[in-house]
Amino acid sequence: NSNGKRTAAKKAIRIMPDGRCRLDLRNMGITNFPSWLFKLTSVTELDLSCNQLKKLPDNIGSFLSLRRLDLHSNKLESLPESIGSLVRLTHLNLCNNCLTSASFPSSVGFLTNLKSLNLGLNQLDSLPPVLVALDGLEELGLFDNQLVILPDFLKDLRNLTKVNLKGNHLLCAQEDSEKTTEKSAPAEEVYLVHESSLCDTCITRCVKTRRDGEGETLEGRKIETYPGLMVPNSVAILCIICL
């Protein structure tokens, strides 16, 4: 019952040594955002993952102190406009929901302190243009969606160091003497990672793989538009070890 969940929630609040206030409500069978949570808006970390939420309340923006919000493995289909009020957010996990490209309000662009955004395992067939405003973003999870191309605005996110594209059906252009054709990229683990995240061995192998044209998953010209980012492709396993 609701009283039991409220009691469990109070016990789930933890004050971390560095002063962070974390509320862990994961895997509690929550189907509707509990109204009593609005008495706890001072929490800095809120974990509501692995529940049954289909929507967030319109006043989710009341949690002004939030730094981390974990909503992975719910049933979210859209985000409310007020999510843009969570301007202190640095980490937002929306993985494994039912979000489409139309699910993101323009207010998401106000989340300029975001460093990590996980949109993996959703139903994205394109990236919401509002993401271009998130210029502080360092890590972007896009794995297991329905993406076929990457928008040019990604190159404007100068702080990106990791982009996980695994499980998408990306198209890459291949030019011959008469025409340009498109084909699907191989179904492998596709990552864009900043060269500073790789060891010297991985960098050398990435450069060689790209130069030799082996296992290429993105058009060479496109790769060059992402400053400092490399596509490990056939050496992805080595790169993952480094990370």
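1. Buried means under 20% relative accessible area, exposed means over 50%, and partly exposed lies in between, with a 1.4 Å probe and protein chains only. By this rule Asp47 is buried, with a relative accessible area of 4%. The other accessibility classes in this note follow the same definition.

2. This is a predicted model, in which local features need pLDDT of at least 70 and side-chain atom pairs count only at pLDDT 80 or more, while totals for chains, interfaces and linings use all residues. Residues are numbered from 1 along each chain as its sequence is written, and side-chain values use heavy atoms, with hydrogens and water left out.

3. Strands first. Strands (E, at least two residues) and helices (H or I, at least four) are DSSP runs, numbered from the N terminus; two strands pair if DSSP finds at least two bridges between them. Strand S1 (residues 13-15) and strand S2 (residues 21-24) run antiparallel and are joined by three bridges. Arg14 stands opposite Arg22 in S2. The two strands form a hairpin with five residues between them, and Gly19 in the turn has a positive phi of about 95°.

4. S2 also pairs with strand S3 (residues 45-47), in the parallel sense and over three bridges. In this pairing Arg22 stands opposite Glu45 in S3.

5. Salt bridges come next. A salt bridge is a side-chain nitrogen of Lys or Arg within 4 Å of a carboxyl oxygen of Asp or Glu, and the structure holds eight of them. One joins Asp47 to Arg22, with the closest N and O atoms 3.3 Å apart. This pair links distant parts of the chain, Asp47 in strand S3 and Arg22 in strand S2, 25 residues apart. Arg22 is partly exposed, at 22% relative accessibility, whereas Asp47 is buried.

6. Another salt bridge is formed by Glu45 and Arg68, whose closest N and O atoms are 3.9 Å apart. Here too the pair links distant parts of the chain: Glu45 lies in strand S3 and Arg68 in strand S4, 23 residues apart. Glu45 counts as buried, because its relative accessibility is 4%. Arg68, at 39%, counts as partly exposed.

7. What is the N to O distance in the salt bridge of Glu138 and Lys115? The side chains of Glu138 and Lys115 meet at 3.8 Å. Glu138 lies in the loop between strand S6 (116-118) and strand S7 (139-141), and Lys115 in the loop between strand S5 (91-93) and S6, so the pair ties together parts that are 23 residues apart in sequence. Glu138 is partly exposed at 31% relative accessibility, and Lys115 is partly exposed at 38%. Elsewhere, salt bridges that share partners join Asp18, Arg20, Arg22, Glu45, Asp47 and Arg68 into one network.

8. Aromatic rings. Rings of Phe, Tyr and Trp (its six-membered ring) pair if their centres lie within 6.5 Å; planes under 30 degrees apart count as stacked, over 60 as edge-to-face and the rest as tilted. The structure holds three aromatic pairs. One of them is Phe33 with Phe38, a tilted pair at 5.5 Å centre to centre and 45° between the planes. Phe33 is buried at 13% relative accessible area, while Phe38, at 24%, is partly exposed.

9. Phe38 also pairs with Phe63: the ring centres are 5.4 Å apart and the planes stand at 45°, so this pair is tilted. It links distant parts of the chain, with Phe38 in the loop between S2 and S3 and Phe63 in the loop between S3 and strand S4 (68-70), 25 residues apart. Phe63 is buried, with a relative accessible area of 1%. Ring pairs link Phe33, Phe38 and Phe63 into a cluster.

10. Cysteines. A disulfide is a covalent bond between the sulfur atoms of two cysteines. The test applied is a pair of cysteine sulfur atoms within 2.5 Å, and by this rule the count is zero. Cys50 is partly exposed at 32% relative accessibility. Cys98 is also partly exposed, at 27%.
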